[in-house]
Amino acid sequence: MDVSFILVILLFGAGATWFVGDKLAKTAALIFSAAALAATLYVIYRYNLGQKVSFIYLWNQSPRIFLGFQADGLSLTMTLLTTALTPIIVLSSFGNLFPKSRAFYALILFMAFAMVGTFLSVDGLIYYVFWELSLIPIYFIALIWGNGDAEERKKAVIKFFIYTFAGSLFMLVAFVYLYQKTGSFLNLHLYKAMLSAKEQTWIFAAFFLAYAIKTPIIPFHTWQANVYQKAPAAGTMLLSGIMLKMALYSIIRWQLPITPWAANEYKYIVIGLCLAGVIYGSVLALKQTDLKKLLAYSSLAHVGLIAAGVYTLTLDGLRGAVLQMVAHGFVVVGLFFAAEVINRRFNTGEITQMGGIRVQSPKFTSMFMILVLASVALPGTFNFVGEFEVLYSLAQANIWLAVVGGTTIILGAFYMLRMFQHVMLGEKNEKFFADVTVTEGAVFVIILAVLLFFGLYPKPITEFVTPELEKVLVFINRFNK
């Protein structure tokens, strides 16, 4: 079994989920997403044994296009994040009734297929195809099953689609130019392209535009909060938990090793933009009265810090960013699911209409509190490990960058704890809050177990990703010798 088998399971699962009909759709989606997770774990097991699990095939001779899927510590970590969160997201949606549910769940699996393809692809053109394919399912998920006014939702989703699609076209132009220089789309060949400073600058900018919009990094963030709010909970989880990680991963895999001179030349400008997003997102989060929008701006602040770590061009920065990508994926899915659990009972996202939940549901309050503490990087949680290493990498670049980056902890603790106080504490709410169901409890327990286990023992992930990151750094630093 090689990594292509994971893609086959997800693609076949999407088709099977469609054909079994609405009644069995969610069960089929859960089974196939769990099967993809099992396949990923088995591939990682074989990879650790030193067995061949990559797949590469010359698909087209002219132009030379390889159907290539590379297994290494970095790509497999992001694949595992995707295949681990997908069944959790599917399970979290069991408490909702969706019209045309077979289409809904089939689109979730197809989106997982596209995202896994993005993480595994080593041919630039195939990577680009998977990158764009991931847009299609989330567009329909948010448009058809989203929340709020239909016209406002349509505007928000179309803006997101156009923004991300337009930005990606610049990346495609960069790949075509690189093919003309090297005669190949394979990433290792592109890393070795002999590019002038001017060429690197333009290619760096083309990649940056695509990735800054998807992440997002300010000032390319304007689509984010509205789409997170308007999308159904499962769609928001897919966007925040996995899809934005495609851009952060791609910076490491494609942008930095292809344009190392430009990355070093402009890194402080880019880090400045990323850290501006940390402060901007935190300040906007403080002003929000809608729970999902608050979490959206909180996510903007956190991914800004992750991106800043990546652009430090250090091993600590890259490793901390990968750890934080995984940790953020689980904690943000947990937080948006908590928001959905509240919405199911109170039928509102307005924080002012909440409060008093602790009196009615102590179990839910306890689980939500742990998620909030993990979000603000409390020591002992997974988020602390990655955030500490990212801040350390910023301090290596410039101590004041670490000071500015550290505001995400201070401001994050303030607005998250204040939100918890308004949402969960206070006198008993007039609205009845039913205790969490077995399914809801299972989702929370799985997420919390991951956050606490790797918060205390991150060694398996750090040892798994470090060798590949060291290889990437060789290409990034080749102009510094």
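The axes of helix H3 (residues 73–92) and helix H11 come within 10 Å and cross at roughly 175°, where axes are lines fitted to C-alpha atoms, for helices over the stretch in contact, and angles run from 0 to 180 degrees between N-to-C directions. H3 and H11 are therefore roughly antiparallel to each other, the word applying to angles over 145 degrees. The model is predicted, so that local features need pLDDT of at least 70 and side-chain atom pairs count only at pLDDT 80 or more, while totals for chains, interfaces and linings use all residues. Residues are numbered from 1 along each chain as its sequence is written, and side-chain values use heavy atoms, with hydrogens and water left out. Helices, for their part, are DSSP runs of H or I with at least four residues, numbered from the N terminus.

The pairing of these two helices can be followed residue by residue. From H3, Leu74, Ser75, Met78, Leu81, Thr82, Leu85, Thr86, Ile89 and Ser92 take part, and they meet Ala234, Met237, Leu238, Gly241, Ile242, Lys245, Tyr249, Ile252 and Arg253 of H11; contact here means heavy atoms within 4.5 Å. By class, this contact of H3 with H11 has 11 nonpolar, five polar and two charged residues. Ala, Val, Leu, Ile, Met, Phe, Trp, Tyr, Cys and Pro count as nonpolar, Asp, Glu, Lys and Arg as charged, and the others, Gly among them, as polar.

H11 itself covers residues 233–258, and its 26 residues should span 38 Å at 1.5 Å a residue; the end C-alpha atoms are 36 Å apart, which agrees. The expected span is 1.5 Å times one less than the number of residues in the helix. Of the 26 residues of H11, 26 are buried, so the helix is largely enclosed by the rest of the structure. Buried means under 20% relative accessible area and exposed over 50%, with partly exposed in between (1.4 Å probe, protein chains only).

H3 also holds Val90, which counts as buried because its relative accessibility is 0%. Leaving aside neighbours within four places in sequence, Val90 is in contact with Lys26, Ala29, Leu30, Ser33, Tyr105 and Ile108.

Buried residues of H21 include Phe464, Val465, Thr466 and Glu468.

In the loop between helix H9 (197–214) and helix H10 (224–230) lies Pro216, and the peptide bond from Thr215 to Pro216 is cis, with omega near -10°. Pro219 is placed in the loop between H9 and H10 as well, and a cis peptide bond with omega of about 10° joins Ile218 to Pro219.

Positive phi values occur at two further loop positions. Lys100, in the loop between H3 and helix H4 (101–120), has phi near 55°, a positive value in a residue other than glycine. Lys100 is exposed, with a relative accessible area of 61%. Leu313, in the loop between helix H13 (291–310) and helix H14 (315–346), has a positive phi of about 65° although it is not a glycine. Leu313 is buried, its relative accessible area being 6%.

Notes
Angles under 35 degrees count as roughly parallel, over 145 as roughly antiparallel, 65 to 115 as roughly perpendicular and the rest as oblique.
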